Structures are given as C-alpha cells and as structure tokens.
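Hello,

I am handing over the structure below. My notes on what was found follow it.

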Amino acid sequence: MEKLYDSFDRLHDYVRLSITDRCNLRCVYCMPKEGLPFFPTDRVLSQDEIVQMIENFAAMGVSKVRITGGEPLLRTDVVEIVRRIKAVDGINDVSITTNGLFLAKLAKPLKEAGLDRLNISLDTFKPDRYRKITRGGNIQQVLDGIATASKLHFKKIKLNIVLIKGQNDDEVLDFLQYTKDHDVNARFIEFMPIGNSLKTWQKEYVGLKSVFDTCDDNGLTYHPIELRGNGPSDNYQIDGYEGSFGLIHPISSKFCENCNRLRITADGYVKACLYWNEEIDIRAAIGDPTAFRQLIQKALDNKPLNHEMAMKETDRIIDKAPTWRHMSQIGG
Ligand code: SAM
Ligand code: SF4
C-alpha cells in the first residue's frame, strides 16, 4: 500500500472529518454571536459520500478518523456514520469531538456503534460562565453527558478547555483537581486566531506555561506520560491522580513538526493545514479512487512546514493568506 507523505516526509494517517458546519452553540472563540450562514443540506457530504471517502483514505494507509463539526451530534445519522466508518477495513480508531449537549442520549448508541474515544469541550465548571462563553448553553446537559459517557468504558475521554484571559483562566486549578478522581485527560488548548477569534485573539490569548505555574504554586508535582492517540498534545499526570492533563500549544511551542493530519470540511474540501487558506475540492472525485488520491497528494505536496498563526500581519508571507473559514467550518 502506498501511504501518504507530504514533502517534509511526514506520514499522514489521520483524518479529521467535519460532518456538519451547524452548531447549537455560539462559542465566543469559534463563531460570531449572530451565527454564520450554514451550508444548505445539499452542499454537505452525504453519509454514502463520507463512507466512500474513508474507504479511499483507508486504502492509502489512514487508520484514525476523528468526527467533528460544527456540532457532529446534530446530524441525525451520526451513529450510523460512526458504525459504517468503524467497519471500514483498516480504520482502527474512531473518535468524536463534541460540545456534549446531546451526549446523555447518544453516548451509549455511539459506543455500541464502535466509537473508541470522545473529546468533550468544556471550558468552565461555572454555569453562568458556561452560558456566557457558549452564548446560551446549559452546562448541566454537558455534565450529564460526561457522567453517562464515563460509565461506558471508552478508551479515553478528554475534556477540551480553551483558555481565555479574563474568562476562565482562573479555573486551571479546578480542572487539574478534577483529574484527581476522574479518569479523564483535561486538555488545555491555546486560543487560536482563526475566523471569529481574530478580533479578540491578541487580548485574550493565554500561554500554557500558566498550567505548570498553577501546579508549582499549589505544590502539585507531575510527570510526563504517553497517551495513545495523543495527537499534538504533551501529556502529564499529577502524582497520585487518576486522570491526566494535556497541553496543546500551537502558538507558544512546536505543534507542526509531527503533524499527521488531513482535515475534510463538511462541504468536501481537503485542508492540509488548519491555518492556511489552501484547500482542494475533493467531492467530485470521491467515486474515483485514482483521481481522489491525486488530489490528496496535491494537497500534501503543498502542505507548508508550519502554520504562522502568531505572526504579525506585517511579517506574514504575502503570497499566502489565512483561511477564510471560521473554526466551526473546519472542525478544529
Ligand atoms: N462542536 C464541537 C466541540 O465544540 O467540541 C466540535 C467542533 S469545535 C470547532 C472543535 C474544537 O475546536 C473544540 O474543542 C473547540 O473548543 C476548539 N476551538 C474552536 N475555536 C477555537 C479557537 N479559536 N482556538 C482554539 N480552539 C478552538
Ligand atoms: Fe459550536 Fe464547537 Fe464552535 Fe462551540 S466550539 S461554537 S460548540 S462548533
């Protein structure tokens, strides 16, 4: 089997697949408060197209698929999508990133369909803050979803926490302490300047050194750990705690050097890099594995070594532009 490599010899065996651009929240760092014009249904990949596409990828050595959105659990066929992707020969790890609002109902059918891992976005434990950050969400629904999922023996449950200055950066200790008797990985993610967040990013960005500082200030000792399927995060465990914590620091630290991922948008474009605007429409080629492979390889041949998210406008390479998409239109 001829596997997928980019021009820097990075093997690509991981696909992040957005199955919808729609969402039932409007998180401040992700979407504008008035929402976005969502794609009409016929612009979004159908279940059959998704499955055929994953079959094409599996034939090129892809073994891991993460389903994302928008909010993936809004798609009424999400359980069937998971079941069919998991059944594709060569795919051995299927995960979902979700805001968790519908998880209390869907965690069990998703597990039964073969879902291996869950990432649940939860930026605060405080109900009023949650409502403010998500612009209207009810935290109890997410907590109920986490409680249901926790009993189902997923390979791993991670909490995704985007730290935002002045909004939740005083809760680092609360999240670390949550891992004391919960077997979850609390993943702190640096706020990225993509789409909606461009306007506020500079003021609200928090570097993740603050997580280590919080440990040190509170006498918490920790050690590095290896987590299977950990992607770009560095992982640690506080001594004696059941769970662990992870850091995803695209801005303050190296993030791209081992990048193994391809992103597929809900409207059928491949993005080789989260940040840059380059993307290729692959929808029409889904039924033709040879043409499909050529387009994916073209995207990889043009994949840059790094994103340049933190560079000032003036320093930016002028013949390249950042993506026009908001994060909810890529999938994170
Ligand atoms: N709706 C699902 C959710 O919220 O988990 C999946 C899609 S969401 C776009 C995927 C991830 O991207 C979430 O964990 C979210 O916190 C993260 N995200 C969105 N905008 C971000 C930004 N500007 N910087 C860093 N992470 C961001
Ligand atoms: Fe929706 Fe997820 Fe974006 Fe929040 S982060 S607005 S839940 S897509």
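**Salt bridges**

There are 17 salt bridges in the structure, a salt bridge being a side-chain nitrogen of Lys or Arg within 4 Å of a carboxyl oxygen of Asp or Glu. One of them joins the side chains of R293 and E2, at 4.0 Å from N to O. This pair connects distant parts of the chain, 291 residues apart: R293 belongs to helix α9 (residues 289-301) and E2 to the segment before β1 (14-18). Helices (H or I, at least four residues) and strands (E, at least two) are DSSP runs, numbered from the N terminus.

**Basis**

This is a predicted model, in which local features need pLDDT of at least 70 and side-chain atom pairs count only at pLDDT 80 or more, while totals for chains, interfaces and linings use all residues. Residues are numbered from 1 along each chain as its sequence is written, chains are lettered from A and ligands numbered from 1 in the order in which they are written, and side-chain values use heavy atoms, with hydrogens and water left out.

**Ligand 1**

Polar contacts here are pairs of N or O atoms within 3.5 Å. A nitrogen atom of ligand 1 lies 2.9 Å from a backbone N or O atom of G70. An N or O atom in the side chain of E71 is 3.2 Å from a nitrogen atom of ligand 1. An oxygen atom of ligand 1 is 3.0 Å from a polar side-chain atom of N160.

**Ligand 2**

Around ligand 2 are C23, L25, C27, Y29, C30, G70, N99 and S328. Its shell holds five nonpolar, three polar and no charged residues.

Regards

Note on methods
Polar contact = N/O pair within 3.5 Å; in protein donor to acceptor, adjacent residues only side chain to side chain. Near = heavy atom within 4 Å. Nonpolar A, V, L, I, M, F, W, Y, C, P; charged D, E, K, R; others polar.
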